[in-house]
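Here are my notes on this one, point by point. Have the model open while you read.

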Amino acid sequence: MTAVQSLNDLIHLRADGLPIVSLYAVVPVDPKDHNGLRSRVNSLLDQLDPLTDDRSLEREARLSIREDIVRLREAVLAEHWKPHGIGLFASSARNLFEAVELPSEPHDRVMVDATPWVRPIAAMVDKEHRPCLVTLDRGHAVLWEYQDGELRQVEEIKDRVLRDDDYTGGRWGGREWATHYTAGELAKRHFRHVSERLDRLFFPQHDQEVQYQTVVEGRSEHEIGADRRYDVLVVAEHGDAVAGFVDELPDQLRQKLAGTFTDPSVNDRGALKAQADEVLDRWEREREKQQIGHVLEIEAMGGWGVTGLHRCLWAASSKGIETLLLRETDEAPGVVCDVCGWLGESGDTCPVSGDPLRHAPDIVDQLVQSVLRDGGEVHNLEEGIAPDARTPAAHLRFPLPPEPGE
Ligand SMILES: [Zn+2]
């Protein structure tokens with residue numbers, strides 16, 4: 001199961017009064033460091049020891065946590081998890097045990113609640129893109145797939161170039177124009193060729209009659225997962241002769257362009273990756289700035305945007321959130337109504353349905369789950385992007401009704 005599928009399962013597990021232990025740990029790339037993983041998981045689980053004797057919990061809950069601790073200690077001894085991280089969800093009383101392999105490193109953490117704690121997975125899924133990098137000059141292009149932190153060459157496109165662009169026809173200066181024209185035309189043809197290929201890779205539906213079997217360094221497209229098409233384009237150009245390539249891109253493809261850079265280090269994948277990362281990081285931050293900027297703007301105009309935890313909880317209770325923006329540090333205890341879905345900061349009785357409220361150690365996680373269940377999007381902002389005290393923030397589907405008692 002992918003992280004996306006697991007997330008979808010986890011957010012639909014309803015609270016039933018019994019505790020679920022959620023544990024996240026970094027899995028080191030080097031297997032030699034796995035002893036470190038075991039000791040880190042063990043010390044996380046040590047934090048739960050007081051709960052196993054906590055008389056304020058039901059006996060069934062205490063026993064369940066005790067068994068979960070044993071099972072999680074065993075799991076980390078027995079299994080060989082893949083880098084870069086693992087999320088484990090256990091509740092022996094609920095007969096639940098799920099391991100989710102994570103595409104990037106989480107912070108080591110353990111949490112006990114009536115529902116799984118899913119925010120780290122939601123944050124990773126949000127950041128997971130499938131970039132395609134193109135390095136090119138006037139007659140030669142290489143397409144690279146950038147997945148799981150690795151660049152792999154997808155294919156090479158070679159087109160005819162003139163041997164010498166500066167050939168001027170000697171004293172017959174009249175050929176100068178003709179030669180340059182031809183070199184320019186050949187480059188243009190090459191760019192069109194590359195952009196057509198990219199178009200098929202990004203939008204396979206544009207060309208349904210031809211079945212492309214791209215082989216990525218030995219693995220067929222099917223093995224890679226043909227349903228997971230590229231969604232971000234990075235273009236790297238040799239020299240200054242190819243500025244025209246981006247102009248050749250069809251609009252739909254240009255909308256996927258994260259950015260460009262010059263003089264790609266094609267013979268050093270580590271360096272090439274660093275160059276691509278710089279473009280992608282800048283693009284991501286720019287996108288985040290636009291998203292929060294937009295919410296702040298529409299909130300000021302009234303109606304379609306809200307900021308701050310209190311307003312966002314009411315927006316989610318009203319099923320009104322289209323896009324939720326939050327920071328990792330947004331975390332607070334709160335209360336949930338499991339009958340009508342109302343979320344709040346405190347209280348014993350639901351102001352909407354009158355049902356008893358459940359306490360949640362991190363109400364922001366409940367907010368994230370509520371938005372995802374209602375088909376909204378959740379985006380995590382890097383620190384420093386949003387002004388203080390303005391997150392969580394939400395772009396709404398409709399202006400909110402008044403709050404109960406308002
Ligand atoms: Zn309620």
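1. A quick word on terms: two residues are in contact if their C-beta atoms, placed from the backbone, lie within 7 Å. Mind that this is a predicted model, where local features need pLDDT of at least 70, side-chain atom pairs count only at pLDDT 80 or more, and totals for chains, interfaces and linings use all residues. Residue numbers start from 1 along each chain as its sequence is written.

2. Start at L367. Skipping neighbours within four places in sequence, L367 touches C312, L313, A316, L324, L343 and P392.

3. C312, L324 and L367 have the most contacts inside the largest nonpolar core, which has 67 residues. Such a core is a set of buried Ala, Val, Leu, Ile, Met, Phe, Trp, Tyr and Cys residues joined through C-beta atoms within 7 Å; buried means 20 or more other C-beta atoms within 10 Å of a residue's own, again placed from the backbone. Both domain 1 (1–128) and domain 3 (285–406) supply residues, so this core lies between them; the bounds come from an automatic or database domain assignment.

4. Another core, of 26 residues, lies apart from that one and includes Y146, V234, V235 and A258.

5. Now the sheet: 4 strands, open, with mixed pairing, ordered β12-β18-β13-β17. Strands are DSSP runs (E, at least two residues), numbered from the N terminus, and pairing takes at least two DSSP bridges. At the edges, β12 (305–307) and β17 (377–381) each pair on one side only.

6. Strands β13 (residues 321–327) and β18 (residues 393–396) run antiparallel, joined by 4 bridges. There, T323 has H395 of β18 as its bridge partner.

Key
A residue is buried if 20 or more other C-beta atoms lie within 10 Å of its own, exposed if 12 or fewer, and partly exposed in between; C-beta atoms are placed from the backbone.
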